[in-house]
Amino acid sequence: MLNNHQKAQLKGLASTLDTKYQIGKNEISPSLLDMLDKALVAKELIKIDVMKGYTSPIMELALDLSSKLNAEIVQVVGRVVVLYRKNKEKPKIKLVK
């Protein structure tokens, strides 16, 4: 569980990230989950853009993704979801305590 200081740190890091992952009207597929899982292992912090064709609430999507990927929701702003999951073998982001 992330505390407020850690979330603030991750939000700052996320602000410089490019959005490289998109979710469209096809919603959540196993291949999408696999791709996002690999991205979280490699980068720990990812930004996902939800396309306008996606009709369900964005927060519902964020909660669903976080539970399926065992990741933490850092923030949801508009149609952008930021997720974080620590890489236990080779951590890249050192969080404040």
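Predicted model: local features only at pLDDT ≥ 70, side-chain atom pairs only at ≥ 80, totals over all residues.
For our pair, H2 covers residues 30-43 and H3 covers residues 58-69, and their axes come within 11 Å of each other while crossing at roughly 70°.

Which residues in H2 and H3 meet? On the H2 side they are Leu33, Leu36, Asp37 and Leu40, and these meet Leu65, Lys68 and Leu69 in H3. Sorted by class, the residues of this contact divide into 5 nonpolar and 2 charged, with no polar ones.

Now I would like to turn to the pockets, where the largest pocket has a volume of about 290 Å³. It is lined by 14 residues, and the closest to its centre are Leu2, Gln6, Tyr84, Lys86 and Leu95. How many residues of each class are found in the lining of the largest pocket? That lining has 6 nonpolar residues, 6 charged residues and 2 polar residues.

Conventions: Residues numbered from 1 in each chain as written. Heavy atoms only, no water. Axes fitted to C-alpha atoms, helices over the stretch in contact; angles between N-to-C directions. Helix = DSSP H or I, 4+ residues; strand = E, 2+ residues; numbered from the N terminus. Contact = heavy atoms within 4.5 Å. Nonpolar A, V, L, I, M, F, W, Y, C, P; charged D, E, K, R; others polar. 1 Å grid on protein atoms, 1.4 Å probe; cavity = no way out; pocket = protein on both sides within 12 Å on 5 of 7 lines; lining within 4 Å. Points joined across faces, edges and corners; volume = space filled by probe spheres on them.
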